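Welcome, and please open your viewer. We will go from one selection to the next, and at each stop I will tell you what is there.

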Amino acid sequence: MTRTFRRKGRNVQALAPVSLSIPSGQFLTIVGPSGCGKSTLLQIMGGFDTPSTGTVTTPAGPVTGPSRDIGMVFQRATLFPWWTVEKNVAWALRCGGTGRREALQRSRELLDLVGLGGFETAYPNELSGGMQQRAALARTLSLEPSVLLMDEPFGALDAQTRELMQEELIRIRQAAGTTIVFVTHDIREAVFLGDRIVALSGSPGSIALDLAPDLPRPHTHEVMRTQEFLDAYETVWACIRDQASAREPGRSERAAEQDDQGESA
Ligand SMILES: Nc1ncnc2c1ncn2[C@@H]1O[C@H](COP(=O)(O)OP(=O)(O)OP(=O)(O)O)[C@@H](O)[C@H]1O
């Protein structure tokens, strides 16, 4: 697929041809510099935007708009402030046609799953950012999507909460078997979470690296100390660093100057 936007009378190509096949149950992370098209790609996968050319297809058929089979979690939790956490989650279920009593029951089970047992009747403003994000995740999971799209969902969290959420997400994913596509700026996060890591190069975005490292299990933060993790991190980092230096303004002129100096030395 490709995506070109019209901006101030000009065409701006956000995505060059990008082709991805994601096996069911895979945890795919997408990493890349700011503006390389990560969110655009995710929005198209979720049916919130339309590709200029190409299609997105799931086993259920082509994606033509948002559907409850594809869940989306954004950087900041979007909960209704006037409802308790359990009502926020139950609301999604009620919209899907579940009865009131069953929706509340299921809502409580899901809040338990994301570690919010005991906070069911709290209001969003009584929860920390991490807890609100967990509640938003529970709400999305309540629809039992087979695909979960996450756009920097932990970007606004402090480092410690972020690590806890990462481990929690892995646990939830193992329990539910959901296919996850997770966008992040953070290479460590991408390598830690992903069965597979795709690095996008920028302007227009295209796939610069597609890596499936074989990291030791169980999947806890201990893995970050292993040589396999460090090797995968270095591979992704080198790819992104190369792109950044290739895009640096004036680099080619400076590189040429340095080459000239090198030749004359
Ligand atoms: N609705 C739009 N109209 C015009 N241009 C857009 C629109 N949405 C995105 N773009 C452009 O497409 C390119 C990719 O944007 P996108 O938000 O997908 O990047 P990103 O990799 O998610 O960036 P970041 O990491 O900063 O969130 C950018 O040049 C952006 O300005």
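**The whole chain**

Of the 265 residues of the protein chain, 34% count as buried; buried means that 20 or more other C-beta atoms lie within 10 Å of a residue's own, exposed means 12 or fewer, and partly exposed is in between, with C-beta atoms placed from the backbone. This is a predicted model, in which local features need pLDDT of at least 70 and side-chain atom pairs count only at pLDDT 80 or more, while totals for chains, interfaces and linings use all residues. For your selections, residues are numbered from 1 along each chain as its sequence is written.

Zoom out. The C-alpha atoms fill a box of roughly 80 × 45 × 35 Å, taken along the principal axes. Among contacts with a separation of 6 or more, 67% join residues 24 or more positions apart, a contact being two C-beta atoms, placed from the backbone, within 7 Å.

**Around the ligand**

Now select the ligand and its shell. The shell holds 13 residues, and the closest are Phe5, Ala14, Ser34, Ser39 and Thr40; a residue is near a molecule if its C-beta atom, placed from the backbone, lies within 6 Å of it. Strand S1 (3-7), strand S2 (10-15) and helix H1 (38-45) each give two or more residues to this shell. Which of the elements gives the most? That is H1, with 3 residues. By type, the shell divides into 4 nonpolar, 7 polar and 2 charged residues. Here Ala, Val, Leu, Ile, Met, Phe, Trp, Tyr, Cys and Pro count as nonpolar, Asp, Glu, Lys and Arg as charged, and the others, Gly among them, as polar.

**Two helices side by side**

Next, select helix H2 (residues 85-95) together with H4. Their axes come within 8 Å and cross at roughly 25°; axes are lines fitted to C-alpha atoms, for helices over the stretch in contact, and angles run from 0 to 180 degrees between N-to-C directions. That makes H2 roughly parallel to H4, a term for angles under 35 degrees. Show the side chains of Val85, Asn88, Val89, Ala92 and Leu93 on H2, and of Ala135, Ala138, Arg139 and Ser142 on H4, to see what makes the contact. These residues comprise 6 nonpolar, 2 polar and 1 charged.

Stay on H2. Its buried residues are Val85, Glu86, Asn88, Val89, Ala90, Ala92 and Leu93, and what covers them includes helix H3 (100-113) and H4. Just after H2, glycine 97 takes a positive phi of about 100°.

**Two glutamates with positive phi**

Most residues other than glycine have a negative phi, which makes the next two stops worth a look. Glutamate 144 sits in the loop between helix H4 (129-142) and strand S7 (147-151), and has a positive phi of about 50°. Buried or exposed, or in between? Glutamate 144 counts as partly exposed because it has 15 C-beta neighbours inside 10 Å.

Move on to glutamate 152, in the loop between S7 and helix H5 (159-176). Its phi is also positive, about 45°. With 19 C-beta neighbours inside 10 Å, glutamate 152 counts as partly exposed.

**Last stop**

Finish at threonine 161, in helix H5. Threonine 161 has 17 C-beta neighbours inside 10 Å, so it counts as partly exposed. Draw a distance from its C-alpha atom to that of valine 147, 14 residues apart along the chain, and you will read 24 Å.

Notes
Helices (H or I, at least four residues) and strands (E, at least two) are DSSP runs, numbered from the N terminus. Angles under 35 degrees count as roughly parallel, over 145 as roughly antiparallel, 65 to 115 as roughly perpendicular and the rest as oblique.
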